[in-house]
Amino acid sequence: MWSSKVKIFGMPLVSAGFFARGFFSIGFAGTGVITIAQFGTGVIFIGQFGIGLFTLAQFSAGFFSMGQFAAALCVAIGQGAIGFAVMALGGLGYYSVIRPASFMSGLETLFSKISADPLPFLAWTTSWLLIFLFFYMQKSKFTGNWKLRDFFRPKWKHSSLKYRIKNISKIGNLKILEEIVLNDPVTDAKIAAIANISDPATLRSFALDNSLSSIHSHSVRKIEDENVLLEIALNTDNHSIAGDIFSKKPLQTHLKKIAREAKNDEIRAKAILKTEPDENFLSERADRETNDSILMSIAEKTARQETLFDIIKKSANENVKTFAAKKLKKENIPVISRLLAEEVFLSSARSLASLIDDQDTLKYLSRTAAHPSGRIASVETLTSPGDDFLTDLVREENDIYVCKAAIMKIADTDQLKNLAMNYPKKSISVLAVGAITQRHVLWDIFRNATDPKVKEEARSRFEDLKPGYFGFKIEMKCPYCSQPVFVNGLFSSIKCGSCLSNIDLDVHFWKTVITSSTGITRQLTYNDLTVEKTASLPKCLKCGTELDVELYPAGKDSFVECPSCREHNPSFPLPEQFNWIQDANQLFCAEKQSDETKILGQTKPVSITCVKCGAPLTITVETPRNAVCGYCETVQYLPDVLWTSLHPARKKRQWFVSFTKS
């Protein structure tokens, strides 16, 4: 489509193409003021199929239409026509001339009929012209969301929100803008109206109207009058506008007044945070205020210890008390001790107890604090209370949670076992069982305890401490000869059985192996590393039967006997250089790094003769496959039988690691 650069009424003066759009439109299809096309619309349309105010087409519709088949609101002329005034071979109309002798005589006859009775024609034509003009003037109201009544009400009440906001932004009348803010159901429309309001009194009324909370912030942002802003800050119920209020520079000189007199507690709290540090003012507010939000603001702002003491005493909120306690310094231990003795919240009690270094004071509070939280925090903070003290405390204490705190600090397993087996209160016995970490002690309690609850706790605890086992099968390619290499244990290096090259297995290699997912994973970029990882009990190397390893103590070098074939399967602790593997403690069915060295050391040299000179050659495990005669320097390839006898093939096998549950 081609369009001229010259424009008229916002459209190209001339447009031509398949679908033309312009003042003058020419094409296959088009729309414009004057349109010449096969299909289209226009004020004046000439073509085959068209709609317009004035149309000349084979099939036409409009106000005045002429064509083979014409339909018009006013005058229709054609072979077949429908309209208010019709001249046609066949048609229907209020005024009609059917089959005229000629075109001109038909027009004369039609004009005569209208002249004889012009009032219906004038009334009809005028009505439609007025309707057309009305809709033309209201054309902007045709939106994606409009209703018929939109044509009979102001644009700022239009059904389409987008259209409504667009027109609200053009309004300057204060009363209309007030009406929009008060009555429009949509917040965005209210905001658009507020953007055009600058009257402080009006904005103040909006900011203090609780029914208009959604636009309070927008109202405050428009106000610069210091007195109005202060009035809003003192009287608003909406604390969410505090940020907008305190961002105003005129209010910076009134922060203390707002902190003292504001109706809303949150506004007072935020005003305190905005004030310049003034310990006397903060102390005064701490003495007078009871609201936790305000006390928290004071605690954040103050550095005076006495003010923090007052907040801890006064507040009933755990977060406030804990925050204030964390700001205290080790300056007045007697006061801190009194606060700890009366503290009801555990988190704030712990913060207070952490400030006390004196063990005797903590021991005293462990027995005498008025609330269990103070006693618990004191027990937890003790660094070296002694197991006898803790055991006596358990026997004296009535609160189960204080007893639990003491029991969890007892280090002597015999004392814990004694409490578990002999203490008359079974709830204490159960807690003692929960503090034991030695599996053999738990097993002994399970077998010998008489109380069912104690036995069940011992069994459950034993299961909780049961190690988890993972089995590994590892294969990789030698980086020097690309032959397969099997890794059957935790080695720092391994020798390729084909080319005898030494391959380092670094921390990155083992982290890749240990952290691999269960199943078979393959790392192509790491020498084609393949790891088969399973979660299962260790299995016998010979027959595959699951081994009974539950009660084998970790940390010892031993053998686990298979219950089926009596094979002795190796079990030993992790090599020292692998202690970085978190929670791993014992290996089963694995080879040791030293095993390979022992095998090589036990392999005896073999003597052969040179195929050329007959000189004796001594072949050891270190001799390369292409051996060189020391006399005639002839290279000779060692036969498979000899090579495999010196270098027995390593078989891939599954080995296991036990992990304690953390």
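Colleague: Is F659 buried or exposed?

Modeller: This is a predicted model. In it, F659 has a relative accessibility of 14% and therefore counts as buried, as the limit for that class is under 20%.

Colleague: Which residue forms an aromatic pair with F659?

Modeller: The partner is F470, and the pair is edge-to-face, with 5.8 Å from centre to centre and 75 degrees between the planes. F470 belongs to strand 7 (residues 468-477) and F659 to strand 20 (residues 655-659), so the pair links parts of the chain that are 189 residues apart. F470 itself is partly exposed, because its relative accessibility is 26%.

Colleague: How many aromatic pairs are there by this rule?

Modeller: The count comes to 22. One of them joins F59 and F69, whose ring centres are 5.3 Å apart; the planes meet at 10 degrees, so this pair is stacked.

Colleague: Which cluster do they belong to?

Modeller: Ring pairs connect F18, F28, F39, F49, F59 and F69 into a cluster.

Colleague: What about charges over rings? Where does the charged end of K455 sit?

Modeller: K455 places its charged end over the ring of F446, 4.9 Å from the ring centre. A further case is K592, which lies over the face of F572 at 5.0 Å from the ring centre.

Colleague: Now the helices. Which residues of helix 24 are buried?

Modeller: Helix 24 spans residues 439-448, and R439, V441, L442 and I445 are buried there. Viewed down the helix axis, the buried residues of helix 24 fall within an arc of 160 degrees, so they line one face.

Colleague: Why would residues spaced like that point the same way?

Modeller: An α-helix has 3.6 residues a turn, so residues three or four places apart point the same way.

Colleague: What do the buried residues of helix 24 pack against, and what is on the face turned away?

Modeller: They pack against helix 22 (413-422), helix 23 (426-435) and helix 25 (452-464). The face turned away from the buried side carries the exposed residues H440 and R447.

Colleague: And helix 12, which residues are buried there?

Modeller: In helix 12 (residues 279-288) the buried residues are F281, L282, R285 and A286. Down the axis of helix 12 they fall within an arc of 135 degrees, so they too line one face of the helix. Their cover includes helix 10 (255-261), helix 11 (265-274), helix 13 (292-301) and helix 14 (305-314). On the face turned away from the buried side are the exposed residues N280, D287 and R288.

Colleague: What caps the N-terminal end of helix 12?

Modeller: D278 does, with a side-chain oxygen 3.2 Å from the backbone nitrogen of N280.

Colleague: Changing topic, where is T55, and is it buried or exposed?

Modeller: T55 is in strand 4 (residues 14-82). Its relative accessibility is 5%, so T55 counts as buried. Leaving aside residues up to four places away in sequence, T55 touches F45, G50, S60, A61, G62, F64, S65 and M66.

Colleague: Last one: where is P563?

Modeller: P563 is in the loop between strand 13 (558-561) and strand 14 (568-573). With 45% relative accessibility, P563 is partly exposed. Not counting residues up to four places away in sequence, P563 touches T545, E546 and L547.

Methods:
Residues are numbered from 1 along each chain as its sequence is written. This is a predicted model: local features need pLDDT of at least 70, side-chain atom pairs count only at pLDDT 80 or more; totals for chains, interfaces and linings use all residues. Side-chain values use heavy atoms; hydrogens and water are left out. Buried means under 20% relative accessible area, exposed over 50%, partly exposed in between (1.4 Å probe, protein chains only). Helices (H or I, at least four residues) and strands (E, at least two) are DSSP runs, numbered from the N terminus. The arc is that of the directions from the helix axis to the C-beta atoms. Contact means heavy atoms within 4.5 Å. A polar contact is a pair of N or O atoms within 3.5 Å; within protein, one must be able to donate a hydrogen and the other to accept it, and residues adjacent in sequence count only if both atoms are side-chain atoms. Rings of Phe, Tyr and Trp (its six-membered ring) pair if their centres lie within 6.5 Å; planes under 30 degrees apart count as stacked, over 60 as edge-to-face and the rest as tilted. A charge sits over a ring if NZ of Lys or CZ of Arg is within 6 Å of the ring centre and within 35 degrees of the ring normal.
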